[in-house]
Amino acid sequence: MNILFAASEIFPYAKSGGLADVAHALPDALREVKHNVYTIMPLYSMIDRAKYNIVPSGLSFEYWLYGVRHQFDIFHRADVPEDIFVYNPIICDRIGLYHDAYGEFGDNGLRFGLFSYAVLEVMIRMKLKIDVIHINDWQSALVALLAKTRYVLDTKVVLTIHNLAYQGVFTKELMYELEIDWEECFKFDGLEYYDNVNFLKAGISYSDVVTTVSKTYANEIQTPLFGYGLDEVLRINSHKLVGIVNGISTDIFDSKKDKDLYKNFSTKRYKGKNDNKLALCEAFGLADGNRPLFIFIGRFTSQKGVDLLLEGLHLFKDFEANFFILGSGEDYYNHRFETMAHTYDNIHIEVGYDEALSHKLYASADFLLMPSTFEPCGLNQMIAMRYGTMPIVAKTGGLHDTVVDFTDVGNIETCPKGVGVTFSEHNLYWMLHAMAKALSLYGNYDKFKAISKHNMLVDNSWKHSASEYIELYKG
Ligand code: ADP
């Protein structure tokens, strides 16, 4: 099949979260089984064109909207021409993807509306014979509305919701700038949302299929608690809503050959995992490196449960364990964590985004803390397991679907899923309870090691999920 995969961020070119990982790994997995996948994303100014061999494709065009001329220059990778990039100054000439230190860019609606136009124009002008357009999150969701109303295409459109909390809501006057038909589209089963426009709602309304990134999250978002104001729309559209759990790239996350680690290791050379922990603790001045090591990696936002970490820090200091927290996000949390960074000698806090350090942490740790308030899928828990690190997770969304509590597992050898510790009530008491359970398991090191090795071999690759997407594309 021919698939056009549109996303606002794709690893390694630009990444702010899990969307970029998925937008890299899913097309790769589809290409591996001989599908023809084009990816398309904005060519942001911070992308290193030389490093990735990104060159002009020869296609440039202008597109007039509401009396304004918009110029688009199309690039691609010289070595992988199916990786397509859109350059337009309004979309691309920014220092961040969606925001800077002062907040969201005020013209994000126009930016990603233009990107959505560009996706369809590229498909048509390059004469790509596309069977399915796969769009992702609000930033490319308008493609569905434009494809069905303005371009009147019969190409199948599949929307994946990676996080319902982000919807792209803008004032309705944007419809003039983007020349969206009021009569046809400004309605409840279109993009109207409390007298504003909502790009994600447009995607849900006009796509043929809507997917989200785990089965549990697909159910959760149809309830008011997780629905972020769109639960009714999702219930109405439940006939076309499907949950498919994400995978992880087993090439990028491979303890045997990962160049970012202090030492490579495997289930057979398992001692190397402990060598990573000792080296990390020494490098960052953590107390006795032989202690169990808990880590947290993620965006500092309430979704990731960082309030529980802040609440718990003064208790963690008394654990016979080390802690390493790596993350960045909202100013409030950055500031809180920065002020605590040098307080306790068994807790190291690093405020920032550091891909290589994250790999070292996944490899070195014994336990990954993931106390998310909600989690559409979550990649960290799967990455951690691939490196033998046991996840301690709140039982929600994709965490519920990918991690089983070790006390619920009879025979570890026949368990098809990853094994960790789960907790259902989202508060400090139950998180500490889960951590205490984890430490008592660690006390029985042979059992802990058996689970850790089991997790390293669990198949969380894209193989199964990619074939589920193929079935959907065909269906
Ligand atoms: P999100 O909600 O942020 O998309 P996911 O669990 O889906 O969460 O994906 C998060 C991805 O980003 C993982 O690959 C994780 O390792 C990475 N990541 C998050 N924060 C950081 C950080 N501060 N430094 C390095 N990698 C990070």
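In this predicted model, Arg49 is placed over the face of Tyr87, 5.6 Å from the ring centre.

**Aromatic pairs**

- The model holds 35 aromatic pairs, counted on ring centres that lie within 6.5 Å.
- One of these is the stacked pair of Tyr217 and Phe374, with 6.5 Å from centre to centre and 10° between the planes.
- Tyr217 belongs to helix α8 (residues 215-220) and Phe374 to the loop between β18 (367-370) and α14 (380-386), so this pair ties together parts that lie 157 residues apart in sequence.
- Tyr217 and Phe374 are both buried.
- Tyr362 and Tyr387 also form a stacked pair, because their ring centres are 6.3 Å apart and their planes stand at 15°, where stacking requires planes under 30 degrees apart.
- Since Tyr362 lies in helix α13 (residues 355-364) and Tyr387 in the loop between α14 and β19 (390-394), the pair ties together parts that are 25 residues apart in sequence.
- Tyr362 counts as buried, with a relative accessibility of 3%, and Tyr387 counts as buried at 0%.
- A cluster linked by ring pairs comprises Phe294, Phe316, Phe319, Phe323, Phe367, Tyr442, Tyr445 and Phe448.

**Strand β18 and its partners**

- Strand β18 is covered on both faces, with Phe367 and Leu369 buried on one side and Leu368 and Met370 buried on the other.
- Strand β15 (residues 293-300) pairs with β18 in the parallel sense over 2 bridges.
- Phe294 stands opposite Phe367 of β18, and both residues are members of the aromatic cluster.
- Strands β18 and β19 run parallel and are joined by 4 bridges.
- Met370 has Val393 in β19 as its bridge partner.

**Gln381 in helix α14**

- Gln381 is located in helix α14 and counts as buried, with a relative accessibility of 0%.
- A polar atom of the Gln381 side chain lies 2.9 Å from the backbone oxygen of Gly378.
- Apart from neighbours within four places in sequence, Gln381 is in contact with Leu368, Met370, Pro391, Val393, Gly398, Leu399, Thr402 and Val403.
- Among these contacts, Met370 and Val393 are bridge partners of one another.

**The sheet β10-β12-β11**

- Three strands form an open sheet with the order β10-β12-β11 and antiparallel pairing.
- The edge positions are held by β10 (169-171) and β11 (192-193), each with a single partner strand, so one side of each has no neighbour in the sheet.
- Strand β12 (residues 196-198) and β11 are paired in the antiparallel sense over 2 bridges.
- Within this sheet, Tyr193 stands opposite Asn196 in β12.

**Helix α4**

- Helix α4 (residues 137-150) contains 14 residues and reaches 20 Å from its first C-alpha to its last, close to the 20 Å expected at 1.5 Å a residue.
- Because 12 of the 14 residues of α4 are buried, the helix is largely enclosed by the rest of the structure.
- The buried residues of α4 are Asp137, Trp138, Gln139, Ser140, Ala141, Leu142, Val143, Ala144, Leu145, Leu146, Ala147 and Thr149.

Conventions. Residues numbered from 1 in each chain as written. Predicted model: local features only at pLDDT ≥ 70, side-chain atom pairs only at ≥ 80, totals over all residues. Heavy atoms only, no water. Phe/Tyr/Trp six-rings, centres within 6.5 Å; stacked < 30°, edge-to-face > 60°. Buried < 20%, exposed > 50% of the residue type's maximum accessible area, 1.4 Å probe, protein only. Lys NZ or Arg CZ within 6 Å of the ring centre and 35° of its normal. Pairing = 2+ DSSP bridges. Polar contact = N/O pair within 3.5 Å; in protein donor to acceptor, adjacent residues only side chain to side chain. Contact = heavy atoms within 4.5 Å. Expected span 1.5 Å × (residues − 1).
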